[in-house]
Amino acid sequence: MQMNVNIAVDAMGGDNAPGEIVKGAVDAVNIQKGIMVYLVGKQDLIKKELTKYQYPEEQITVINAEEIIETAEPPVMAIRKKKDSSIVVGLNMVKDGTCDAFVSAGSSGAVLVGGQFIVGRIKGVERPPLAPLIPTEDGVALLVDCGANVDARASHLLQFANMGSIYMENIVGVKNPRVAIVNIGAEEDKGNMLVKETYPLLKTCPDINFIGSIEARDIPKGYADVIVCEAFVGNVILKLYEGIGSTLIKKIKQGMMQTLRSKIGAIMVKPALKATLKDFDASEYGGAPLLGLNGLVVKTHGSSTAKEIKNSIIQCVTFKEQHINDKINEKINMTK
């Protein structure tokens with residue numbers, strides 16, 4: 001039986017707010033029954049956008065919030081001072097149980113800080129990591145952490161591996177997911193102090209399928225399902241991944257338009273190429289969940305379009321249906 005899922009969406013966050021955010025919410029409720037979307041932000045602007053679409057009106061509610069936290073603002077100060085911002089109001093709706101999840105394309109720092117201090121961590125979770133799905137030859141892998149904890153400890157990375165395994169198995173459907181730690185070589189004695197301290201913890205953990213180190217060049221090949229690292233390394237990997245992906249797509253398109261022969265060839269291969277390139281479109285996978293909180297918080301790209309917002313909302317449904325937080329709570333407190 002389908003569960004009812006309530007999702008707060010930051011309608012004012014990101015480069016394309018509120019237009020693309022509202023459209024993404026409308027697209028989500030038009031294909032997914034059993035969800036209630038709360039669009040949080042400046043009421044007049046949101047309602048004006050909603051008039052452009054047809055949708056089941058009982059599935060979208062507008063919650064007024066007059067303030068906006070800008071990307072350049074210090075996150076802690078912004079969360080404390082802007083109580084009527086779309087981010088703070090939305091996070092409080094998760095905290096008080098009105099909503100199961102919060103989705104935002106707004107200030108990453110504010111979402112991360114607010115997630116920890118307003119929604120709160122699951123008991124036993126030391127540091128909640130951001131965990132996006134990234135494309136590989138075999139499907140997708142979970143990169144954890146990609147931006148939340150730049151000064152992580154070995155015990156944090158061990159928890160990342162456990163939480164990431166739960167997510168991949170229950171959300172993506174990968175049985176006994178392979179876990180690897182990002183390193184500069186395959187040898188066990190390679191790496192910086194953090195990697196050297198973490199490696200034996202992962203190796204002796206009975207709850208994960210640890211396969212050793214993984215070099216960055218092997219991540220796109222799909223050698224592992226859960227890629228463990230601290231946030232500085234993870235963010236560099238993610239941004240390079242995105243940059244190379246968009247550059248390759250651009251170069252392929254340019255190459256196909258150079259001559260009459262290449263243009264004819266492009267027409268013939270267009271359907272297959274379009275399907276292949278779709279796999280490398282980050283918006284297909286939704287946003288990055290902040291794992292280990294008492295409720296679900298999903299951070300999407302600042303440049304998110306309606307497609308990514310829609311997929312992030314749908315992602316929240318699966319998260320609740322699979323009881324991910326309950327499983328993380330059980331795993332973390334069982335292994336402590």
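This is a predicted model: local features need pLDDT of at least 70, side-chain atom pairs count only at pLDDT 80 or more; totals for chains, interfaces and linings use all residues.
Student: Let's start with α2. Which of its residues are buried?
Tutor: In α2, which runs over residues 43-50, the buried ones are Ile-46, Glu-49 and Leu-50.

Student: Where do they sit around the axis?
Tutor: They span an arc of only 100° around the axis, so they lie on the same side of α2.

Student: And what do those buried residues pack against?
Tutor: Their partners are α1 (19-31), β2 (35-41) and β3 (60-64).

Student: What's on the face turned away from the buried side?
Tutor: That face of α2 carries Asp-44 and Lys-48, which are exposed.

Student: Switching topic: how do the axes of α6 and α7 cross?
Tutor: The axes of α6 (residues 154-172) and α7 (residues 193-203) come within 9 Å and cross at roughly 45°. That angle makes α6 oblique to α7, and the crossing is right-handed.

Student: Which residues meet there?
Tutor: From α6 you have Ala-154, Ser-155, Leu-157, Leu-158 and Ala-161, and they meet Leu-194, Glu-197, Thr-198, Leu-201 and Leu-202 of α7. By class, this contact has seven nonpolar, two polar and one charged.

Student: OK, now α4 and α5. Is that crossing left-handed or right-handed?
Tutor: The crossing of α4 and α5 is right-handed. Helix α4 covers residues 86-95 and α5 covers 108-119; their axes come within 10 Å and cross at roughly 35°.

Student: Which residues of α5 does α4 meet?
Tutor: Ala-110, Val-111, Gly-114, Gly-115, Ile-118 and Val-119. On the α4 side, the residues include Ile-87, Val-88 and Leu-91. The contact of α4 with α5 counts eight nonpolar, three polar and one charged residues.

Key: Residues are numbered from 1 along each chain as its sequence is written. Side-chain values use heavy atoms; hydrogens and water are left out. Axes are lines fitted to C-alpha atoms, for helices over the stretch in contact, and angles run from 0 to 180 degrees between N-to-C directions. Helices (H or I, at least four residues) and strands (E, at least two) are DSSP runs, numbered from the N terminus. A crossing is left-handed if the near helix is turned anticlockwise from the far one by less than a right angle, and right-handed if clockwise. Contact means heavy atoms within 4.5 Å. Ala, Val, Leu, Ile, Met, Phe, Trp, Tyr, Cys and Pro count as nonpolar, Asp, Glu, Lys and Arg as charged, and the others, Gly among them, as polar. Buried means under 20% relative accessible area, exposed over 50%, partly exposed in between (1.4 Å probe, protein chains only). The arc is that of the directions from the helix axis to the C-beta atoms. Angles under 35 degrees count as roughly parallel, over 145 as roughly antiparallel, 65 to 115 as roughly perpendicular and the rest as oblique.
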